Amino acid sequence: MQNYKITLLKGDGIGPEIVNQAVKVLDKAAEKFSFTVEYDEALLGGCAIDATGVPLPEETVAKCKASDSVILGAVGGSKWDNQPGNNRPEAGLLGIRGALGLFANLRPSVIFGPLKSASPIKDEIIGDNMDIMIVRELTGGIYFGERGRDDSSAWDTEKYSVAEVERIARVAFDMAMKRNKKLTSVDKANVLESSRLWRQTVINVSKDYPEVELNHMYVDNCAMQLVRNPKQFDVIVTSNIFGDILSDEASMIAGSIGMLASASLSGGKLGLYEPIHGSAPDIAGKGIANPLATILSVAMMLRYSLAQPEAAQAIEAAVAKVLETSRTPDIYEEGFNKVSCEEMGDLVCAQL
Ligand code: NAD
């Protein structure tokens, strides 16, 4: 029987509550699909600062590297707001992404039918099955380029190598092959030299994926098209800064922040899976957090790191079914059962 080693980084605030529900659902999926999971916990963020003085202890990096995948809750909170920048909980987050070489960030923007009314976009524009996957380059570009400041100016540099663009393009083409075989590469090639290299490199890689329909779009047009006609997209691949902005835009199309999952991948199988929301200190400890983004992150882990696509799909189907009757307070509407974080986890398990 296949056994997987998973490191849990529960983090701060609602982190432990939501990760506990995700673990419960993963255990249920393991039972149903005949595999086993072994867990190890490690410290990241504020809890790590409290215990060890730093947000990312070396032991945490070692444990993550030795596992098949990592599930992360969220980090941060006002208790650590006065820490210097490089010793804040969020520094641990950037640190673990760098230490694990996670260069590809995947953010699905999916509408669950029963939650359509939570979207700020009109029903007829979203349609019945809006499902976009944004693949964002995560360790290059302007966020990591040379920067500086003198008395009267400041600068940041957008720089990409062919190798960096090639590897993220391959992740995106592989993703498109598993979905509807349609890829949109987003750049600003009418203005930026780095975008012209990006576009040429994506075209070169496309020769290895003749079945994928590739088109190119300028980032300003893409920002507009995402709200004008989101259904035209399947997979979008783009640079670090453009992906940062577009993935936030696309995620809001789907409605509530408590529903959105994400994956960060390296070249190998190891990935880090986390909800896109933060540690929600305002509701921590109240038992009312929505665990679905973390549960859906587990589904992504089963699909992209653990090669258990049936289990992934079963979890997603269970979530969709439960949403027909039950809601945590953040997505509550009249006529539904209002449930706690733990009850939501139990309902998804029961449905599975
Ligand atoms: P947040 O995402 O934590 O919360 C924003 C709002 O959404 C809050 O009202 C919160 O109650 C609500 N919310 C978030 N997740 C929810 C869930 N699962 N269920 C129900 N409601 C939910 O963002 P913030 O308030 O700006 O940040 C709080 C802390 O989290 C800060 O310290 C910030 O730095 C940190 N943060 C961490 C991450 C991460 O760990 N990846 C990401 C973003 C923010």
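Reply: Start where α6 passes α7: the crossing is right-handed. Bear in mind that this is a predicted model. Helix α6 covers residues 162–178 and helix α7 covers residues 193–206, and the two pack at an angle of about 50° with their axes 9 Å apart. That angle makes α6 oblique to α7.

So who touches whom? On the α6 side you'll find V162, V165, E166, I168, A169, R170 and F173. They meet L197, W198, T201, V202, V205 and S206 of α7. Sort the residues of this contact by class and you get nine nonpolar, two polar and two charged.

For a contrast, hop over to helix α10 (residues 292–304) and helix α11 (residues 309–323), where the axes come within 7 Å and cross at roughly 160°. An angle over 145 degrees counts as roughly antiparallel, and α10 and α11 are therefore roughly antiparallel to each other. Their crossing is left-handed, while α6 passes α7 in a right-handed one.

On α10, the contact is made by L292, I295, L296, V298, A299, L302 and R303. From α11 come P309, A311, A312, Q313, I315, E316, V319 and L323. By class, the contact of α10 with α11 has 12 nonpolar residues, one polar and two charged. Back at α6 and α7, the tally was nine nonpolar, two polar and two charged.

How values were computed: Residues numbered from 1 in each chain as written. Predicted model: local features only at pLDDT ≥ 70, side-chain atom pairs only at ≥ 80, totals over all residues. Heavy atoms only, no water. Axes fitted to C-alpha atoms, helices over the stretch in contact; angles between N-to-C directions. Helix = DSSP H or I, 4+ residues; strand = E, 2+ residues; numbered from the N terminus. Parallel < 35°, antiparallel > 145°, perpendicular 65-115°, else oblique. Left-handed = near helix turned anticlockwise from the far one by under 90°. Contact = heavy atoms within 4.5 Å. Nonpolar A, V, L, I, M, F, W, Y, C, P; charged D, E, K, R; others polar.
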